[in-house]
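Here is a short briefing on charged side-chain pairs. Look at the sequence and the model first, then read on.

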Amino acid sequence: MRRSISLAAALTAGVLLTGCSSGTQHDAISHDTATAAVDSSSNPAPKASVRLLWTHTDKGMGTTAVWYVARVSNPGASPASVSLDARALDKSGTIIGSDTETLPAVPARGSFDYFGNLGDSVTQLTGTPAKVTVSPSDNAMYAGTSATPLATSELKLSKGTTDDGIVDTPYSYNLTVKVTNSTKKPVNGYVIRQVILYDKAGKIVGGDTGSSDNVPSTLAPGASYREQWADIPAVRPAVRAVYTVWAG
């Protein structure tokens, strides 16, 4: 399977791709909502809300995977560090796949949509998915580790290839984007990136999350590099992409 193994909107770039038709929203499995405390001090900040926006069950290349998009909204006056526990459940409520993702810092009074997946050729689901739940992680090792997203610009989206035996969805897209280290510290060789694809009606139709093969070993503050991504899967035609990248 072509998809990257998952790791885990402040600064993002959007682009329109003309000539694509719209589709209907696909809700494959049920949704859950949770809330997360973003500050455990004596004067706690308002809680960040976490809710599931979209899911899709992908069956292809000999495996079953669940794609999901979760939105974290931060009503507080300072950036929030939130880690996400995602679980796939079967009809009996038994967990058949799980992951913990450290999201980029969610801006004050802002939100971030995270594209994740459960199940792939390496970490296969152990049953048939019927439901996905998302909630803030209670694991202390993930607390307070969020990084600020890097600046992006000049995003270009084009149609990809679906007949090469790698992509197992009916639609595929390529993108290129300029990434600039807008933080005050060097980025040393490892970034996490994600893209979410939308149709003409603004509904989610696909995306991907994973590490980058293009980032330099060291990216100084203010320096830029050109990122590219091939064969991003989509279940229906896409006209717009939102790309986010942050230090891993």
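The points below take the salt bridges one by one.

This is a predicted model. Three salt bridges are present in the structure.

**Arg-71 and Asp-113**
- Arg-71 pairs with Asp-113 in a salt bridge, with the closest N and O atoms 2.7 Å apart.
- This pair links distant parts of the chain, 42 residues apart. Arg-71 sits in strand β4 (residues 63-74), and Asp-113 sits in strand β7 (residues 110-118).
- Arg-71 is partly exposed, because its relative accessibility is 26%.
- Asp-113 has 13% relative accessibility, so Asp-113 counts as buried; the cut-off for buried is under 20%.

**Arg-226 and Glu-154**
- A salt bridge joins Arg-226 to Glu-154, and their closest N and O atoms are 3.0 Å apart.
- Arg-226 belongs to strand β13 (residues 224-234) and Glu-154 to strand β9 (residues 151-159), so the bridge ties together parts 72 residues apart in sequence.
- Arg-226 counts as partly exposed at 47% relative accessibility.
- Glu-154 also counts as partly exposed, at 44%.

**Glu-227 and Arg-193**
- Glu-227 and Arg-193 form a salt bridge through their side chains, at 3.3 Å from N to O.
- Glu-227 is in strand β13 and Arg-193 is in strand β11 (residues 191-198), so this pair ties together parts 34 residues apart in sequence.
- Glu-227 has 0% relative accessibility and therefore counts as buried.
- Arg-193 is buried too, with a relative accessibility of 6%.

Methods. Residues numbered from 1 in each chain as written. Predicted model: local features only at pLDDT ≥ 70, side-chain atom pairs only at ≥ 80, totals over all residues. Heavy atoms only, no water. Salt bridge = Lys/Arg side-chain N within 4 Å of Asp/Glu carboxyl O. Helix = DSSP H or I, 4+ residues; strand = E, 2+ residues; numbered from the N terminus. Buried < 20%, exposed > 50% of the residue type's maximum accessible area, 1.4 Å probe, protein only.
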